Each structure stands twice: as structure tokens, then as C-alpha cells.
Amino acid sequence: MASAHPLPASITIRRPDDWHVHLRDGVMLAACAEHTARQFGRAIIMPNLVPPVTKVAEASAYRERIRAAVPKELKFEPLMTCYLTDGADPAELTRGKEEGVWVAAKLYPAHATTNSAHGVTSMDRVAKGLEAMEKAGMPLLVHGEVTDPEVDIFDREAVFLDKVLAPLLRRHEGLKIVLEHITTREGVAFVEANPGRMGGTITPHHLSYNRNALFKGGIRPHFYCLPIAKREEHRLALRRAATSGGSQFFLGTDTAPHTTDTKECACGCAGVFNAPVAMQVYTQVFAEEGALAHLEAFASLNGPRFYGLPVNEETVTLHAKPLDIPDVVAVPGGGKDITVFRPDTPVDWSF
Ligand SMILES: NC(=O)N[C@@H](CC(=O)O)C(=O)O
Ligand SMILES: [Zn+2]
Ligand SMILES: [Zn+2]
């Protein structure tokens, strides 16, 4: 939608946070950490390492590795999450929250996405852990897709809402839940139907393209992530939700780096690496929707409010200047790189 509003030459907002990030570990962490830390004050760090982060001590150690990977001049706070497995230990969840390590726990249905092999096979098997989280006031973050191979890949989010999320909300009445990386209008409606209990994160890439982009002129692995992009009507619903100013929706890039060779192959990995261009693409979307006045709420205010954290005091400025997107970010040692997300439409904002 073209904006009828005149565009400003720049926009200054409170420093944003990223409520859904994969920083990986080792050389990948070394390659990626600074790109997230340049733009965002804090980030919710996803725990789907190999092996997954399930223990308080593992999360503390990972947090230190992240801090060490961020250039000294950047102020950046990693917020750690616990990967829920069958039989997740309630005591470990409670203790990690009390010790200021866990901010939330993450539910991956087993085999739903990248590094989810240790995920949850049935909600009964995490009920005790979820009860502990309710008592501790610890939000549950969900990858909301069913894994039943009978369910069409484009329907897996909508089916998850009915089959898993609705019963979960009823069973755990004190639990706050974030539906991560929403990709459907059903997901938007579900979050909106549960004010006070639910929030939803929306990625820059799901705001910028629909499923046609995956096949435009041939198969394009750098547009492949999970949940997979849906039809245009769903992208438009996401754009409305993100730019509405509604307090339940907040920024979560789901930046998910994989080396270029593991995406450009016969069975390419799911995940879009968007960290270097995230705020620029979000700003582009808000400008196109004539909603720059709501960018700060989405990027910098709604997330902290949901998590009960203070908002950042610093500010950042985006300038109306065409963005020059690097093709790749190099991975130290070994000659590999990570391809950077490049939308098909121009990005007229620079960070
Ligand atoms: N989004 C993705 O396609 N991939 C993520 C996992 C996830 O967020 O589901 C990853 O870790 O690569
Ligand atoms: Zn996910
Ligand atoms: Zn993710």
C-alpha cells in the first residue's frame, strides 16, 4: 500500500529489542552476534543449539559466550530461554528464573523446525514444567506448528492453534504465551482473542513477501524458513497487526543464520538471516503502511511491557536513504559465509 503521508527524512525511536533471535554458537556466533547487537539493546536468545540449552548452567555459560562475541563498544543484553524437552524439570525452570538466567522457556513441537529433534512430543509431558512456569511468572514461547505429516505445510500453524494452543491456554490459566513468528491471519486473530495472556512476534521477512517469492523464477532457498510464508492475504493480515499500534504484537526477527552451502543444496535448511537489515526492513514496511508513528510501539515498547521489563533509554535513528545490502557475511575460518536477506522490493531506509 503506498503511503499518502509525506515521509520524514529520518525517524528516531527508543532503542529497539529483538524478542526472537538465533545467534548459534562458535564461529557462527562470532559471525552473527554483532549484527544483532548493533541494532538492538536486548534480544531473546533461542535455545535450539546442538545439544539444546536445557540447564541453567548451560544458559549462563552460553550468555557469557554471547557477551564475549559482541564488540565491546556495543551495549547488548542477551535474555536467555530454556528449551523444553519431555519431562522438563520444574525445579530447573523455577531456579533459573529466580537466579535471573531464564526469561522464558521455548516450546518446540518435536521435529517442527531446525534443531527441534529434542522437542516436546506431547503437552502432557511438559505439564509439570508449565505449572512451575505459571507460578514463577515465566512466559512460554511457542513455535506454533503441528508436525503431523498428514497436515499440509501451509496449514500447520492454523491447525496448531485449535489442536494445541487453545487447550494449552485452558489447561494453564496463569501462563502467558507468545506465539512466535506469526504467519497467518488465524494466528493474528488468535493472539487478539487472548489479550492479557498472549503476545505475538512478527518477522521482517513475513511482512515483506508471500509464498510466491519462494518460487519466483526458480526455487529460492534464501526465502525458505519455518513457518513457511503463506498467501498474500496472510501477509496483509500480518502487516495490519504489526502496524496497528496494538500492544500485543512486537518485534521478533527470527534471524536464523545457516551457511550459504547448507541452504543452496538438495535439502536446504530453514531460516532467514536478516539481522543486518532488520530495522531497515521493518521501517520500510511501516513507512509503506503510513504507520511510522507506530514503529516505536512495535519495536521498542510492546515487548518490554509484555515481559515486564523496562524500556531502553537510548535512541536510534533510521534515515530515508536507500539501503545497500551486503550479499553475505563471512564466517571466520573455513571460507564459509551466510547469505543476507534481500527483499525483492527496495529498502529506502538505512540504520
Ligand atoms: N525459522 C526457521 O526457519 N529456523 C529456525 C528455527 C525456528 O525459529 O523455527 C532456525 O533455528 O534455523
Ligand atoms: Zn520457530
Ligand atoms: Zn526462530
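## Terms and basis of the model

A residue is called buried if 20 or more other C-beta atoms lie within 10 Å of its own, exposed if 12 or fewer do, and partly exposed in between, with C-beta atoms placed from the backbone. By this rule Ala166 is partly exposed, because 14 other C-beta atoms lie within 10 Å. Ala166 belongs to helix 5 (residues 156-171); helices (H or I, at least four residues) and strands (E, at least two) are DSSP runs, numbered from the N terminus. Between the C-alpha atoms of Ala166 and Phe190, which stand 24 residues apart along the chain, the separation is 8.8 Å.

The model is predicted: local features need pLDDT of at least 70, side-chain atom pairs count only at pLDDT 80 or more, and totals for chains, interfaces and linings use all residues. Residues are numbered from 1 along each chain as its sequence is written, while chains are lettered from A and ligands numbered from 1 in the order in which they are written.

## The nonpolar core

A nonpolar core is a set of buried Ala, Val, Leu, Ile, Met, Phe, Trp, Tyr and Cys residues joined through C-beta atoms within 7 Å. The largest such core has 94 residues, and the members that touch the most others are Trp102, Ala105, Leu140 and Tyr282. Helix 10 (residues 278-288) supplies the largest share of this core, with seven residues.

Two residues are in contact if their C-beta atoms, placed from the backbone, lie within 7 Å. When neighbours within four places in sequence are left aside, the contacts of Trp102 are Ala59, Met80, Thr81, Cys82, Leu93, Gly96, Lys97 and Met138.

## Helix 1

Helix 1 (residues 26-39) has a kink of about 35 degrees centred on Cys32, where the bend at a residue is the angle between axes fitted to the seven residues ending there and the seven starting there. Buried positions in helix 1 are Met28, Ala31, Cys32, Ala33, His35, Thr36, Ala37 and Gln39. These buried residues pack against strand 2 (18-21), strand 3 (42-45), helix 2 (56-69), helix 10, strand 11 (328-330) and strand 12 (337-339).

## The surroundings of ligand 1

Around ligand 1 stand His22, Asn48, Thr113, Thr114, Asn115, His143, Cys225, Leu226, Asp254, Ala256, Ala270 and Gly271; a residue is counted here if its C-beta atom, placed from the backbone, lies within 6 Å of the molecule. This shell is made up of four nonpolar, seven polar and one charged residue. In that division Ala, Val, Leu, Ile, Met, Phe, Trp, Tyr, Cys and Pro count as nonpolar, Asp, Glu, Lys and Arg as charged, and the others, Gly among them, as polar.

## Annotated binding sites

An unreviewed UniProt entry places the feature "binding site" at His20, His22, Lys106 and Asp254. These residues are spread over 235 residues of sequence, yet they cluster in space, with a largest C-alpha distance of 13.3 Å. The "binding site" annotation of the unreviewed entry also covers His22, Leu23, Arg24, Asn48, His143, Leu226, His258 and Ala270. UniProt positions are given in the numbering used here, feature names are shortened, and annotations may be inferred rather than shown by experiment.

His22 lies in the loop between strand 2 and helix 1 and is buried, because 25 other C-beta atoms lie within 10 Å. Beyond four places in sequence, His22 is in contact with Met46, Asn48, Thr255, Ala256, Pro257 and Gly271. Lys106 is part of strand 5 (residues 102-107) and counts as buried, because it has 26 C-beta neighbours inside 10 Å. Not counting residues up to four places away in sequence, Lys106 touches Met46, Pro47, Thr81, Cys82, Tyr83, Leu84 and Leu141.

## Backbone features

Arg24 is found in the loop between strand 2 and helix 1. The phi angle of Arg24 is near 60 degrees, a positive value in a residue other than glycine. Arg24 is also buried, with 23 other C-beta atoms within 10 Å. His181, in the loop between strand 7 (177-179) and helix 6 (185-192), likewise has a positive phi, near 35 degrees.

Val50 and Pro51 are joined by a cis peptide bond with omega of about -5 degrees, and Pro51 sits in the loop between strand 3 and helix 2. Another cis peptide bond, with omega of about -10 degrees, joins Leu226 and Pro227. Leu226 lies in the loop between helix 7 (204-208) and helix 8 (232-243) and is buried, with 21 other C-beta atoms within 10 Å. Leaving out residues up to four places away in sequence, Leu226 touches Thr113, Glu145 and Ala270.
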